[in-house]
Amino acid sequence: MKAPLDLDQLQTFISIADTGSFTRAAEEVHRTQSAVSMQMRRLEERIGKPLFEKEGRSNRLTEEGDKLLSYARRLLYLNRETLAAFDDQRLEGTIRIGTPDDYADRFLPEIMARFTRSNPRVELTVICEPTPGLVEHIKRGNLDLALVTHNDVRGQSEVVRREPLLWVTSANHATHEEETLPMAFGRPNCIWRRAAVDVLDQQNRDYRILFTSFSATVITAAVLSGLAISVLPECALRPGMRVLGEADGFGALPDCRIGIMRGQTSRPEIVDALARHISESLDNISVPLVEEAGTFDFAALAYAKIRRTKANQILPGW
């Protein structure tokens, strides 16, 4: 019987994958670079496959290394969860978290499941509002932590995930072929709305804004019913939507950056723990895959390899 994998080696392996450097990983795990190299040689011997390949000055994962990474994260997470279950000093208390409803729909199931399993004595209070409202709640001390859309003007959040911002229409309607494009957007201070309007203006496209709402549910309904076109991050795609690209006459949009914003709190240890769980959850959650769209099994998707949605891709209907 083969010996079990070494968790210290896996932790170092994850650090290298995240930083792209043996040197920076050595600093993170508080080891010498030679010790880190020795750990990885032993891990490769244990796996029986090469895990890294050079790319300039960086080390990128091989296909086998990429495969191991998701397992390594799960093993380290399960280890922490196991230890927490027997920790008499487990975190207790209440934490207030805010997120826009489109992020809540896609990310909260995984975040809440991971955090609650590790910290069963912590009560989560969750509110859903657009990012500008969450920023105000943070400033006023009404929230301990918020998952927000990062904005360089605000510049106060730690970016933990990037996704493409996409033009979307109904897969069952030809709304995008109308001479004057009907649009559904968030409120005027929404950065996705401003980005979309800038692209449309640069292309001299005729459009009219038919629906304005801070609710992702309303925007999604307008798109799926064929009443309007909108822009959504990849995580917000829904069955029955079609992604539009340059071949359809729609220019490229900037990436959506998702960040964590922290407030003033008397329980920083709980905030730190939740922020870590959010970062790990968003790193592991895949985008909705076409093959799985319609079921949206979050547990099954959590560790799947990301396959980016392409222009003209249609997500099957409900």
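In which strand does Val-148 lie? Val-148 belongs to strand β5, which covers residues 145–149. Helices (DSSP runs of H or I, at least four residues) and strands (runs of E, at least two) are numbered from the N terminus.

This is a predicted model, in which local features need pLDDT of at least 70 and side-chain atom pairs count only at pLDDT 80 or more, while totals for chains, interfaces and linings use all residues. Residues are numbered from 1 along each chain as its sequence is written, and side-chain values use heavy atoms, with hydrogens and water left out.

## Overall picture

The protein contains ten helices and eleven strands. Of its 318 residues, 48% are buried; buried means under 20% relative accessible area, exposed means over 50%, and partly exposed lies in between (1.4 Å probe, protein chains only). The accessible surface amounts to about 16,100 Å², and carbon and sulfur atoms hold 50% of that area. Accessible areas come from the Shrake-Rupley method with a 1.4 Å probe, and for residues only the protein chains shown count as cover. Among the contacts with a separation of 6 or more, 74% join residues 24 or more positions apart, a contact being heavy atoms within 4.5 Å.

The average pLDDT, the predictor's confidence in each residue from 0 to 100, is 83 for the protein, and 86% of the residues score at least 70. Over residues 288–308, however, pLDDT stays under 50, and the model has 49 contacts beyond four places in sequence for that stretch. Where pLDDT is low, the predicted coordinates should not be read in detail.

Val-148 counts as buried because its relative accessibility is 1%. Beyond its neighbours within four places in sequence, Val-148 is in contact with Tyr-103, Thr-131, Leu-134, Ser-157, Arg-257, Ile-258, Gly-259 and Met-261. Pro-130 is 18 residues away from Val-148 along the chain, and the C-alpha atoms of the two are 8.0 Å apart.

His-137 sits in helix α6, residues 131–140. With a relative accessible area of 18%, His-137 is also buried. When residues up to four places away in sequence are not counted, His-137 touches Ile-127, Glu-129, Asn-142 and Leu-143.

## The second largest pocket

Rolling a probe the size of a water molecule over the atoms shows where empty space is left. A pocket is found on a 1 Å grid over the protein atoms alone, as an open set of points where a 1.4 Å probe fits, with protein on both sides within 12 Å along at least five of seven lines; lining residues have an atom within 4 Å of a point. The second largest pocket has a volume of about 470 Å³. Its lining comprises 27 residues, of which Pro-130, Thr-131, Gly-186, Cys-190 and Phe-214 are the closest to its centre. At least two lining residues come from each of α5 (101–118), α6, β7 (181–185), α7 (191–202), α8 (216–224) and β9 (230–233).

## An annotated stretch

UniProt, in an unreviewed entry, lists residues 209–232 under "transmembrane region". Such annotations may be inferred rather than shown by experiment. In the model, residues 209–232 are 38% helix and 29% strand, with 16 Å between the end C-alpha atoms.

Most residues other than glycine have a negative phi, and most peptide bonds are trans. His-30, although not a glycine, has a positive phi of about 60°, and this residue is in the loop between α2 (22–29) and α3 (33–47). Asn-204 likewise is not a glycine and has a positive phi of about 55°; the loop that holds Asn-204 runs between α7 and β8 (207–212).

The table gives the accessibility of these and further residues.

| Residue | Relative accessible area | Class |
|---|---|---|
| His-30 | 72% | exposed |
| Asn-204 | 67% | exposed |
| Asp-18 | 48% | partly exposed |
| Tyr-71 | 45% | partly exposed |
| His-173 | 37% | partly exposed |

Asp-18 lies in helix α1, residues 7–19, and its C-alpha atom is 9.9 Å from that of Leu-69, 51 residues away along the chain. Tyr-71 is part of helix α4, residues 63–85. A separation of 9.4 Å lies between the C-alpha atoms of Tyr-71 and Leu-10, which are 61 residues apart along the chain.

His-173 occupies the loop between β6 (158–170) and β7. Leaving out residues up to four places away in sequence, His-173 touches Leu-224, Ser-225 and Gly-226. The C-alpha atoms of His-173 and Gly-226 are 5.5 Å apart, although 53 residues separate the two along the chain.

Technical notes: Grid points are joined across faces, edges and corners, and a volume is the space filled by probe spheres set on the points.
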